[in-house]
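User: Hello! I am new to this structure and would like to learn how to read it. Could you walk me through a few features?

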Amino acid sequence: MDISTVSGPQARTLPVSRSPRGAQQGKKTTGLSGFSRQRIRTAWLFLLPMILGLACVAGWPLLRTFYLGFTDSSLSNLDGANFIGFENYLVYDQGEWYGILADSLWWRAVGNTVYITLLSVSLETVLGVLVALILHAKFPGRGLVRAAILIPWAIPTVVSAKMWGWMLHDQYGVINDLLMSLHLISSPVAWTVNPDTVLGTIVAVDVWKTTPFMALLTLAALQMLPKDCYEAARVDGIHPIKVFFKVTLPLIKPALVVAVVFRMLDALRIFDLIYILTSNSEDTMSISIYARQQLIDFQQVGYGSAASTLVFLLVFGLTLGYIFATRLKFDGSGDH
Amino acid sequence: MKALKRRTGQVLFALAVLALLIYTIFPFYIAIVTSLQGGEGSFYLPQDFDFGNYVSVFREQPFFLNILNSALVSFGTVAISLLIAVTASYALARVHFRGRTTLLLTVLGVSMFPQVAVLSGMFELVRLLGLYNNLGSLVLSYTVFSLPFSVWILTTFMRGIPKDLEEAAIVDGATPWQIITRIFMPVLWPALVTTGLLAFIGAWNEFMFAITFILSNEQRTVPVAISMISGGSQYEMPWGPIMAASVIVTVPLILLVLVFQRKIVEGLTAGAVKG
Amino acid sequence: MTKTLQAFLTASLLGAGLTSMAGQAATLNVPCTTGTGFKQCEALAQAWAESSGNSINIVTVPFSSTDKLALYQQILSSKSADLDVFDVDVVWPGILGAHFADLSPYTQGVEKEHFQAIIANNRYKGKLVAMPAYTDAPVLYYRKDLLEKYGEPVPTTWQGMSDSAKRIQEQERAAGNDKMWGYVFQGKAYEGLTCNVLEWIDSFGGGTLVEFDGEISVNNPKSAAALDLAASWVGSITPQGVLNYDEEGARRVFQSGNAVFMRNWPYAWALANGDESVIKSKVGIVPLPMGPNGQHSATLGGWQYAVSKYSENVEAAADYVMYVTSAKAQKQNALLNGYLPTIVSLYEDEEVLAANPFFAYMRATLEESVARPSTVTGEKYNQVSNEFWNAAHRVLSGKSSGAESVAELEHKLKRIRGRRW
């Protein structure tokens, strides 16, 4: 990028012309320089639309959910709801524990969700990077291939889950048919029912669906990498695999970590895939399905909101843990 | 010897590409085959090329209008959320101020509740703003729920841009807005296109808000329209028309990727980063 | 159709403008579900509008009842008047009843002409909150040709069905048809499984899960025996995949000629006898088999119409509901769509019987039908049903015995009930 394009006729002089280093040093010194203050003011101005939007539109539903979790609100008595403290979460009454935390099904859902998330996110990260590396290479027709790999992500989950359900059908599914004709299995497997295969099946379909997401983000990171590192490495005759682990991976790591964070957020809240693909029994219960069941199917608005709040806390805890474990820097200054 | 090694490398690479293609496209292929069949036939090869399912999708409901609505909502969402996200992530990535980390984490919190939990609150809000049964309600909710993702991704990528570019511009007296539009945007093309594409697909495919906030056929979006495709009876699943509709709505997305492919490449050559 | 709908919408908007000047007529927002019934629903609504001088605005609603219930809950809980009329599943009056208007002032006694089991089901805290539009009850489908081929009788008991199925399946497989199964039903963990299990248990004399007085009756040896018999089918005469079959899943297996018996709703009849069907004219239907004591049982299905109490035009909406559930409307629906009427006298109507010969004995099935305990458990019905199908699913997948499962179920239901339903 040629900087001279910027300092064209429109370029204005800054009110306070100081060394831009001041921006970085300003934080450490006690008194902020005028320039930094100006910059920070601009920053807040830039942040304002986002903050306002999030606070007004998302803030209310979230706070409402949080509040309802402490009430006994239900569909038929939305006005007459009482504040009941933590009773939706845990309460001891007449010799028995009640509440979400005393519900074995909730803990089962937590187990399933964490299992699916771990397996699915790690698989799709590895696969996604591999796919991105393939797409990053120059070969004829790669534009088409790039478009093609996006297909799984582009088909609405409602549809793709049904499609997979159809392909995995125990009697008519094309998957069983293929595996039988390859003599890999001797009798048809009920993939979406059998407790031994059902979680694996969910993970497989989820990986199929979300690998493009990882691949696309990784590809964007690869494309923004400075080219000279590679050239230097190539000149030095270093093995490509070594280049990948020593040069490429560290450079795309921030983008990769963020991509994984968002995949985690989605995987931990996995809902429609399981809901449509499987029989929806306790074997495949996820925490989001648990919350939805209480909120919509059982009309227990209070209890369901409490469950949603727990989902939030769990997701928040795990994501935060991950972010700190990977030492994702929030105040990285842009130096490689 | 070296030529042979290169040759095997190429063959292996081609095989990898092929495997990748089969893996991603196979289910879509099944969808196309199913959509071209009248009855409930076998699925490996299309036995007949019957476009009846495609015709029926358009005949039974205002599907053109639904596609138009979806396109309107998705483009609106992408435009607004990118605009907000680009400015916000510039502030988050390039300016030091207290509370940055907290702000980023708070933004992330929006994507941590189960979607269904925010539905009732959003419903009330939409009615309060008078946006019920109006596409604006969808643009508003999709924008807000795609912001955390866009902001985080763009912040990460912006942080990766070398400092010297910006510093030189500041010395030359460029305003922050000029820095964003003249320096960062060209370099950020791949990230912008990717983020925009993902936000677009998210808006294009969303179902739960779409079915709750919109009540009339003429305002509905594509996923809801697909869910309205019905079989001959209460329980029957009309696979043919559903698959036809899915193929119809996936094709624009593929075209979109193909169009923006070139943008990614152009953006790269125009703004090649020198680290 | 789009054009007519648009033209119609414009007309109704214009109509609304004109009539509001007159200050008399109302504009109602009424739902019509997509699918075969849509045209009929639309035509009825227009006919009502013309005859009453009001105008209507048709809202297309999805046919998936889960989607529909979620949508209706949002609308009702925000007390919105966006829909004046609701179409409700037979198990919803207990769930949504608090938001519906009492229809008894508007019925002029016609509710006495309907099946009383359905009317009882549609009462919420003493109020009549919904009028039935049509009903549904499952039947046993069987392969006439296979039964004849192997000299098996048409089964009348579950045990008999089970034995026949086993024999035919074995012989068919020995003859090289290795995809043949004996019996398919709905075993996915969803509302459909509740219907199936209720029929087994009720026909075995094990009660109806929760009785009318609120007593939880499921923990008894008869329920356990019924569940154990069903569990013995899975893997032997029923594919394991049945644990993820809904109505269509079962029908696909049966309709491709790979099952001897199937439990399903009457909708499958027309499809099984369709021109493309490989089992065309090879299918018979009979009432579901009896338990050991000679009791039949069939779960009641069907749809009703209700009026939102937040509507600004409750009176007009109630008039609409009475119109679309009238004998005339039900007869039309029976003739055009094969829907089962809820008005008893229509089962003696010659035109109706000529169009749907099997209605003749459906009446007996309907009179022996069992309602799911949705009225007594009210708001908690879905929770109860959910526990019920999960308990049954555990038995069917071999994770627990019938006796263990019903004991555990009783405990869970008591927890859900708390002090009262």
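Analyst: Gladly! Let us begin with contacts: two residues are in contact if their C-beta atoms, placed from the backbone, lie within 7 Å. Keep in mind that this is a predicted model.

User: Which residues is C:Y183 in contact with, leaving aside its neighbours within four places in sequence?

Analyst: Its partners are C:M161, C:A165, C:W233, C:I237, C:T238, C:A259, C:V260 and C:F261.

User: How should I read a nonpolar core, and which residues have the most contacts inside the largest one?

Analyst: In soluble globular proteins, nonpolar side chains tend to be buried together. Here the largest nonpolar core has 302 residues, and C:Y183 is among those with the most contacts inside it, along with C:V85, C:V184, C:F261 and C:V321. The element giving this core its largest share is α8(B), with 16 residues.

User: How do chains B and A meet?

Analyst: The size of an interface is often given as the accessible area lost when the parts come together. Here we can count residues instead: 90 of chain B are in contact with 87 of chain A. On the chain B side, helix α8 (residues 176–205) gives the largest share, 12 residues. By class, that side has 63 nonpolar, 20 polar and 7 charged residues.

User: What is the radius of gyration of chain C, and what should I compare it with?

Analyst: Compare it with a compact globule: for 421 residues that would be near 22 Å, and chain C has 23 Å, which agrees. Its C-alpha trace spans about 75 × 55 × 35 Å along the principal axes. Chain C holds 19 helices and 13 strands, and 55% of its residues count as buried.

Methods
Residues numbered from 1 in each chain as written. Chains lettered and ligands numbered in written order. Predicted model: local features only at pLDDT ≥ 70, side-chain atom pairs only at ≥ 80, totals over all residues. Helix = DSSP H or I, 4+ residues; strand = E, 2+ residues; numbered from the N terminus. Rg over C-alpha atoms; globule rule 2.2 N^0.38 Å. Buried ≥ 20, exposed ≤ 12 C-beta atoms within 10 Å, placed from the backbone. Nonpolar A, V, L, I, M, F, W, Y, C, P; charged D, E, K, R; others polar. Core = buried A, V, L, I, M, F, W, Y, C linked by C-beta atoms within 7 Å.
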